[in-house]
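I opened my notebook beside the model today.

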Amino acid sequence: MLREQDIVEIRKRLEGLVNPVKLVHFTQELNLEYGRETRQLLQEVAELSGKITLEVFNFLIDKEKVVEYEVDKVPATIVRNGKDYGIKFYGLPAGYEFSTLLDALLSVSAGESGLSDDTKEKLKKLTQPLHLEVFVTPT
C-alpha cells in the first residue's frame, strides 16, 4: 500500500523511535470494510523499523484479548509499549490519520505525551475517569 517514495520518508521518521512499540490489531476475516487494507498497511509500517512489532487478533475468536483491550468494533489498532496509553485507532489509518499514527508511534516509543507541564497539572486534578474520543471524517 505504501509507495516507494513514501517508504523512504516514513523510515526516516521512524528513526526517531526510542523504545520498542507494539501495534495490537483486531480484525475479522469476513465482511469487514477496510479490514484487509488496514492489516496490510500495519504490516508494511511494522516492516520499516525493528522497533515496531505487530500482533493481530481475530475479533470474533480472540474474546479474551477483545475484553483485555476493551475493543468494541473493528478494525481496531492499539499503539502501546509496556504500558497501554489508551491510544486506539478504529478503521483504516490512512490520509491524515496516517500521520497521526506515526506521531502516536513516536510518542509511545518516547513514553512522552508532548503535553505541557501546565496541562499535565490540570489533568492530575481530574477526579473521575475521562473517556475522550476524536472522530475524523475525510472531506
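**Strand E1.** I started with strand E1, residues 21-27, and counted six of its seven residues as buried, so E1 is largely enclosed by the rest of the structure. By buried I mean under 20% relative accessible area; exposed is over 50%, and partly exposed is in between (1.4 Å probe, protein chains only). My helices (H or I, at least four residues) and strands (E, at least two) are DSSP runs, numbered from the N terminus.

**Ground rules.** The model is predicted, and I number residues from 1 along each chain as its sequence is written. Local features need pLDDT of at least 70, side-chain atom pairs count only at pLDDT 80 or more, totals for chains, interfaces and linings use all residues, and side-chain values use heavy atoms, without hydrogens and water.

**Neighbours of E1.** Which strands pair with E1? I call two strands paired if DSSP finds at least two bridges between them. Strand E2 (residues 52-58) runs parallel to E1, and seven bridges join them. The chain gets from E1 to E2 through helix H2 (residues 35-46), and this β-α-β crossover is right-handed. Right-handed means that, with the strands pointing away from the viewer, the path from the first strand over the helix to the second runs clockwise. I also found strand E3 (residues 76-80), antiparallel to E1 and joined to E1 by five bridges. Leu23 stands opposite Val79 in E3.

**Rings.** Phe26 has Phe57 in E2 as its bridge partner. Phe26 and Phe57 turned up again with Tyr69, in one aromatic cluster. My search of the whole structure gave two aromatic pairs. Rings of Phe, Tyr and Trp (its six-membered ring) pair if their centres lie within 6.5 Å.

**Charges over rings.** I asked for NZ of Lys or CZ of Arg within 6 Å of the ring centre and within 35 degrees of the ring normal. Lys73 has its charged end over the ring of Tyr90, 4.5 Å from the centre. Lys63 lies over the face of Phe59, at 5.3 Å from the ring centre.

**Helix H1.** Which residues of H1 are buried? In H1 (residues 4-14) I noted Ile7, Ile10 and Leu14. They cover an arc of only 70° around the axis, which puts them on the same side of H1. I took the arc from the directions from the helix axis to the C-beta atoms. Their cover includes H2, E2 and helix H4 (96-110), with contact meaning heavy atoms within 4.5 Å.

**Leu60.** Is Leu60 buried or exposed? Leu60 is exposed, at 51% relative accessible area. I place Leu60 in the loop between E2 and helix H3 (63-68).

Note on methods. Phe/Tyr/Trp six-rings, centres within 6.5 Å; stacked < 30°, edge-to-face > 60°.
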